[in-house]
Amino acid sequence: RFAMSVSSVNSTATTATINSAASSAGISSSDFLNLLVGELQNQDPLDPTSTSDFINQMSQYATFDQQQTLNTNLSTLLTSFDSLLTLNAVNYIGHTVEAKGDTATLQNGQAAFGYSLSSAASQVNLSIQDSTGKTVWTGSGSTESGLNTMTWDGTGSDGTQLPDGQYSLTVSALDANGNSVLNYTTFFGQVTDVENTSGSTTLNDGGISVNTSDVVAVK
């Protein structure tokens with residue numbers, strides 16, 4: 001059975017054809033022949049596969065193997081890249097970072113926030129909420145286009161000094177036509193450590209976890 005199948009292939013496939021197919025598949029001629037013989041040994045002798053079909057199948061096998069190797073190499077590269085990002089992020093430790101977000105930590109009676117406006121606003125209203133969502137302070141802010149900052153001393157609207165903890169900033173910025181010109185809000189905090197979880201590098205920014213991609217400025 002095996003001899004008859006090989007004879008059929010030899011009648012149509014030349015050494016040059018096999019070498020050409022192996023080259024196009026990106027493998028050696030010997031590896032290509034091993035795959036080809038293995039295919040021959042397992043075919044139906046009463047319904048043999050044509051040589052061109054064999055060559056196409058072998059090329060597909062070789063291409064699949066190359067794709068698997070490429071995927072493995074890419075995975076290794078991504079792992080190395082993640083490690084590099086984490087290593088670079090270590091440089092943030094000890095620095096004050098401004099990052100996108102609306103929650104900051106009030107420490108020693110001080111918390112710093114920011115907000116970005118796409119254009120100048122006619123009015124900017126600010127409010128700060130505690131961890132329960134209760135509004136504890138309201139006021140107005142700068143109406144200039146671009147990044148604006150504010151520092152809150154932890155004093156509530158009623159004049160009471162509030163305890164340290166996490167507080168959130170809400171910004172309403174409208175132009176003369178009543179359209180919102182708010183891009184995003186930011187907060188400030190000092191980075192104390194860096195973590196890499198599931199391939200994502202995050203900073204502990206004043207007790208709040210933030211992605212490095214959300215960092216706006218470093219001081």
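Me: Buried means under 20% relative accessible area, exposed means over 50%, and partly exposed lies in between, with a 1.4 Å probe and protein chains only. How much of the protein is made up of buried residues?

Reply: Buried residues make up 32% of the 219 residues in the protein. This is a predicted model, in which local features need pLDDT of at least 70 and side-chain atom pairs count only at pLDDT 80 or more, while totals for chains, interfaces and linings use all residues. Residues are numbered from 1 along each chain as its sequence is written, and side-chain values use heavy atoms, with hydrogens and water left out.

Me: How many helices and strands does the protein have?

Reply: The protein has four helices and eleven strands.

Me: What is tryptophan 152 in contact with?

Reply: Contact means heavy atoms within 4.5 Å. Beyond its neighbours within four places in sequence, tryptophan 152 has contacts that include Leu106, Ile128, Trp137, Leu162 and Tyr167.

Me: How many of the protein's contacts with a separation of 6 or more link residues 24 or more positions apart?

Reply: Such pairs account for 66% of those contacts.

Me: Is threonine 105 buried or exposed?

Reply: Threonine 105 counts as buried because its relative accessibility is 17%.

Me: New topic. How much space lies in the largest pocket?

Reply: About 230 Å³. A pocket is defined on a 1 Å grid over the protein atoms alone as an open set of points where a 1.4 Å probe fits, with protein on both sides within 12 Å along at least five of seven lines; lining residues have an atom within 4 Å of a point. Grid points are joined across faces, edges and corners, and the volume is the space filled by probe spheres set on the points.

Me: Which residues lie nearest its centre?

Reply: Of the 15 lining residues, Thr96, Gln107, Phe188, Gly189 and Gln190 lie nearest the centre of the largest pocket. Strand S8 (182–197) is one of the strands that supply at least two lining residues, and S8 gives the most, with five.

Me: What is the lining like by class?

Reply: The lining has six nonpolar, eight polar and one charged residues. Here Ala, Val, Leu, Ile, Met, Phe, Trp, Tyr, Cys and Pro count as nonpolar, Asp, Glu, Lys and Arg as charged, and the others, Gly among them, as polar.

Me: Now the loops. Where is asparagine 108?

Reply: Asparagine 108 sits in the loop between S2 and S3. Its phi is near 50°, a positive value in a residue other than glycine. Asparagine 108 counts as exposed because its relative accessibility is 76%.

Me: And where is glutamate 144?

Reply: Glutamate 144 is in the loop between strand S5 (135–140) and strand S6 (146–152), and at 54% relative accessibility it counts as exposed. Leaving aside neighbours within four places in sequence, glutamate 144 is in contact with Leu117 and Ala120. The C-alpha atoms of glutamate 144 and alanine 120 are 4.9 Å apart.
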